[in-house]
Amino acid sequence: MSQRENIKGYETLEDLALNLRSSWNHSTDSIWRQLDPELWEETHNAWAVLQTVSVEKLTALLADQKFNELINRLVEARQEALSLPSWFQENYSHSSLNGIAYFSMEFMLSEALPIYSGGLGNVAGDQLKAASDLGVPVIAIGLLYSQGYFRQFIDKNGEQQEVYPYNDSGQLPITPLRLSNGEWLRLKIDLPDSVLWLRTWEVKVGRRTLYLLDSNDIANLPAHRGITSELYGGDKELRLKQELILGIGGWRLLSALGIQPDICHMNEGHAAFAVLERAWEFMQKTRHPFEVALAATRIGNLFTTHTAVSAGFDRFSPDLTEKYLGKYAQTQLGIPFEKLLALGQVHSQEDFNMAYLAIRGSGFVNGVSQLHGVVSRHLFQELFPRFPEEEIPIGSVTNGVHMPTWDSSMADALWTEACGKGRWLRTTEELETKIRAVPEEKIWHMRSQARADLIDYARTRLVRQLQARGASQEDIARAPSFLNPDALTLGFARRFAAYKRPTLLLSDEERLLRLLTQPERPVQLIIAGKAHPADAEGHALIKKWMSFICRPEVRSSVIFLSDDDMILTERLIQGVDLWINTPRRPWEASGTSGMKVLVNGGLNLSELDGWWVEAYAPEVGWAIGDLKEHGADPHWDQAEANVLYDLLEKEVIPAFYTRDRTNIPQNWVQKIRESMARLTPQFSSNRTVREYTEKFYLPAAQAYRKRAENNGELAQQISQWKSSIEENWHTLGFGELKVETVKEEHLFEVQVTLGKLERQAIKVELYSPSLVQEMEYQGATYLAKVPAAQAASSFTPRIKPYFPGVEVPLEVPYILWHKSV
């Protein structure tokens, strides 16, 4: 036991510091600020502060009556908050949902735990926090990276450099996962050349828990200890090993803990190997073969795809896949490796696609915005040949962000006064009306103060950035005078990738210069963002901005803040007046950065892509784009840049600077109020998690339990039916089709040859793009009547497999059309 652990009251502080609820409930901030104000402001890492402070200072503070009273109040408040009935308990306690295992390659929870890169981790972290708020029984699984994603440094030449600082596990808010006897839980998986030992860790996130795995175990070969060193680093083989750890190792961790979740939610295809391990576990329990086990378990698996282009899916060569999974397929799953490989292929010899495995191992699939659902149905159409694109079985749940994480203290106070402290713990339907009642002067005061705070922070960070770069004393001395706390402040902070078009504003530098330097209506721009280390084009885009910023005319009004992390993101989205987003449609699957400004009263000017297609209306912001796809057409890029300049010049800037006699821009504030009221609840992770729960988790859990009960009896029937479909589908056939129009109805009669299939194994439908109707069986023929509003030629009979409760075409992608098609 360490010296500090003997101090009375230390255990309570330890408990507070190790729960990342503090990343969105800031009531404990004052404790860590008293212990070490400088370290707290730099890191927001309560656990590091507690580990760093001297024993003498800790002893003195814990002996102080006022300090102890503060701690006791905070502990009581936390216990009271966590003991209150949650939304899930109040609405679905009868459901017996036995947990949701949520797998993700990255989680953005706090800067204190840097195991994230960007959007995917943002979604995972915010949904885990919302699950805690709402009481949804999520168990999260991820990887602990000893270096994480790279940290960015901009050198004297304006070029990005990457550094990889070590994540000291002793200063991260994590604890080793120990068994009841005190033993550190370690797992093993087989690699081709050796056994790989995995260490396990635990992270408290409010009511919920995140379990992490890493390979830095002293029993491993040196080359294997670094498998989990970097997020999205290394070659294909390293990525495959990381995904084996996440999917197979992650499911084994749940088994070792005795956790048997009804739902496996894969946040992207990185975790798709969990499909195989879950099926293997079912095989062990029931002694059924792999086909039956997959039929039983897949209905409880949900795959969320975040990728808008085919090139974004992880693929591995057949040889590499066999190297790591050949033995696993044969000795554990009891199937030839070729059968496993086929789960990730459309055509033989092609690379193994993790997204294909995830789809073929799931009962539900969704994209992350309505438009992304459409894009995904197109991307995955080849998995479901001859099915109309609109029937490809991919739905959508639009992402949302965790508003309590991203709101400023001033925004939080405004929302609390209008809507109450527990506004994000229940349904949010009433918030829209309540926030609309907030007076204009309160909204504008909040926005003005938030902008001023951002400018103070940006100046301080810029000075440190220039010092680290070795800038001249003259440049460093000028930096604290940069930016204007009263000027219209634009923000752009995204990954620097070509499809995000981060330099669209630079299409006409002279026009941008004129917009920025109007003496009576000044505009300023704060930019941040990283390029992937291997993305040379992304590096060049950053350098282009740095070259522009070096122009003397704009040095004081345009700055690039390097090393975009969670702390910088919070400050930016809390303070900017207008968030700009310019991706090429439809490559932005959802986007979440613009959602974060909503709760803080920031406005959006964005391409009509991702979430903004659903959110945009003239009353809440501005938009560019024509709802069409133009690819990487440079002429279209220039045309959209001109529209962007026009909007800024003719609408945005005048709206911000047209003031009433109290110096309030009424039109601007009206947009703020409408954006806050209409969009903040809609694009919160509160709504997202409730939608996942009601749309997927609850029905999937019920379906899984039904298939698994009685030792998988129903799953065995489904597997036998599916085998019959696969073996005998070719024996089906259509005969003569008769069509008669009587009065206002078309009468269809078609003969069907069942071949070797039972009549109950199929469903015959009459299809048109606007109407699908099941045909009635009469003898050897099927009949249907439909309104004659459409021409009879627009209808076609078709046959689909049918078994009650089976998702077609997701589980059985067969279809037979009448020869007229």
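S408 has a relative accessibility of 4% and therefore counts as buried, a class that covers values under 20% relative accessible area, with exposed meaning over 50% and partly exposed the range in between, all for a 1.4 Å probe and protein chains only. The model is a predicted one, in which local features need pLDDT of at least 70 and side-chain atom pairs count only at pLDDT 80 or more, whereas totals for chains, interfaces and linings use all residues. Residues are numbered from 1 along each chain as its sequence is written, and side-chain values use heavy atoms, with hydrogens and water left out.

S408 sits in the loop between helix 17 (403-406) and helix 18 (409-419); helices here are DSSP runs of H or I with at least four residues, strands are runs of E with at least two, and both are numbered from the N terminus. A polar atom of the S408 side chain lies 3.0 Å from the backbone nitrogen of A411, where a polar contact is a pair of N or O atoms within 3.5 Å, one of which, within protein, must be able to donate a hydrogen and the other to accept it, and where residues adjacent in sequence count only if both atoms are side-chain atoms. Leaving aside residues up to four places away in sequence, S408 touches Q574 and N600, contact meaning heavy atoms within 4.5 Å.

Two packed helices are described by the angle between their axes and the distance between the axes. For helix 11 (residues 273-286) and helix 29 (residues 685-728), the axes come within 11 Å and cross at roughly 30 degrees; the axes are lines fitted to C-alpha atoms, for helices over the stretch in contact, and angles run from 0 to 180 degrees between N-to-C directions. Helix 11 is therefore roughly parallel to helix 29, given that angles under 35 degrees count as roughly parallel, over 145 as roughly antiparallel, 65 to 115 as roughly perpendicular and the rest as oblique. In this contact, R278, F282, K285 and T286 of helix 11 meet Y704, A708, N711 and G712 of helix 29.

With a relative accessible area of 41%, N711 is partly exposed. N663 likewise has a positive phi, of about 70 degrees, although it is not a glycine, but N663 is found in the loop between helix 27 (634-657) and helix 28 (666-679), where it is partly exposed at a relative accessible area of 46%.

The backbone also contains cis peptide bonds. One runs from R585 to P586, with omega near 5 degrees, and P586 is found in the loop between strand 18 (578-581) and helix 25 (593-596). Another joins V808 and P809, with omega about 15 degrees, and P809 has its place in the loop between strand 27 (796-801) and strand 28 (816-817).

Turning to the cysteines, a search of the whole structure finds 0 disulfides, a disulfide being a pair of cysteine sulfur atoms within 2.5 Å. C264 is buried, with a relative accessible area of 0%, whereas C550 is partly exposed at 46%.
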